[in-house]
Amino acid sequence: MMTNLFSVFDPSTTILNLSLNWLSTFLGLLLIPASFWLIPTRFQFLWNSVLLTLHKEFKTLLGPTGHNGSSFIFISLFSMIVFNNFLGLFPYIFTSTSHLTLTLGLALPLWLSFMIYGWINHTQHMFAHLVPQGTPAVLMPFMVCIETISNIIRPGTLAVRLAANMIAGHLLLTLLGNTGPSLSYIMVSLLIGAQIALLVLESAVAIIQSYVFAVLSTLYSSEVN
């Protein structure tokens, strides 16, 4: 039963032993040229206002030391994650953000680049982060260990948080869908209502988790400047 339940996350479309499901991650690239040629729609105006708001917020988080174009990296990261989260809500479409292969592949290079840049260019500042201000001298060795461990696990927590939230919602939808054939007509109508409500909740989770991933990445970047 559990094998069948989690099999909804397995890549299934293969040609010459190569999984094609991961290509859905890049379907958003097909939508980019349309915004330059088509007449602007309400959705495009809404999306542009969202990106502008994120740009202002990320610039504030990065502070005066951040580069002018740094926020666009995290806006692109948010756009990619939120697109794949929503894509996974459609039937028979592979959810790439529910796999640690993708989420850790996004979080780990970002974290490594921040650490390498910080330790090379701002070594004293990085050492100062290991001991919070006002820490007693007796606790300093323990604080260094705690801060080091919390820093090392950051990419893992970023990746697991996003993947776990995507998996949890999809498992609930799958469980509700599997119970449908054995229910009466009245219970099926109630089940459909519950699935619609859960789908709306999953849409909110898709946006929130994308936002959290991008904001935390921005905060990690601001700490090394």
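V160 is partly exposed in the predicted model, with a relative accessible area of 46%. This residue is found in helix α8 and belongs to a nonpolar surface patch that also contains L100, L104, L108, L112, I116 and I120. Together, the residues of the patch present about 610 Å² of accessible area. Helix α5, spanning residues 100–121, supplies the largest share of the patch, namely six residues.

Helix α8 also takes part in the one salt bridge found by a search of the whole structure. The bridge pairs R154 with E223, and the closest N and O atoms are 2.9 Å apart. Because R154 lies in helix α8 (residues 154–178) and E223 in helix α9 (residues 185–223), the pair ties together parts that are 69 residues apart in sequence. The two partners fall into separate accessibility classes: R154 counts as buried, at 16% relative accessibility, whereas E223, at 27%, counts as partly exposed.

With regard to the overall architecture, the protein comprises nine helices and two strands. Along the sequence, these elements follow the pattern α-β-β-α-α-α-α-α-α-α-α. Among contacts in the protein with a separation of 6 or more, 74% are accounted for by residues 24 or more positions apart. Of the 225 residues, 33% count as buried. The accessible surface of the protein amounts to about 14100 Å², and carbon and sulfur atoms contribute 74% of this area.

Terms used
Residues are numbered from 1 along each chain as its sequence is written. This is a predicted model: local features need pLDDT of at least 70, side-chain atom pairs count only at pLDDT 80 or more; totals for chains, interfaces and linings use all residues. Side-chain values use heavy atoms; hydrogens and water are left out. A salt bridge is a side-chain nitrogen of Lys or Arg within 4 Å of a carboxyl oxygen of Asp or Glu. Helices (H or I, at least four residues) and strands (E, at least two) are DSSP runs, numbered from the N terminus. Buried means under 20% relative accessible area, exposed over 50%, partly exposed in between (1.4 Å probe, protein chains only). Patches are made of residues with over 30% relative accessible area and no salt bridge: like charges are joined within 9 Å, nonpolar side chains (Val, Leu, Ile, Met, Phe, Trp, Tyr) within 5 Å. Accessible areas come from the Shrake-Rupley method with a 1.4 Å probe; for residues, only the protein chains shown count as cover. Contact means heavy atoms within 4.5 Å.
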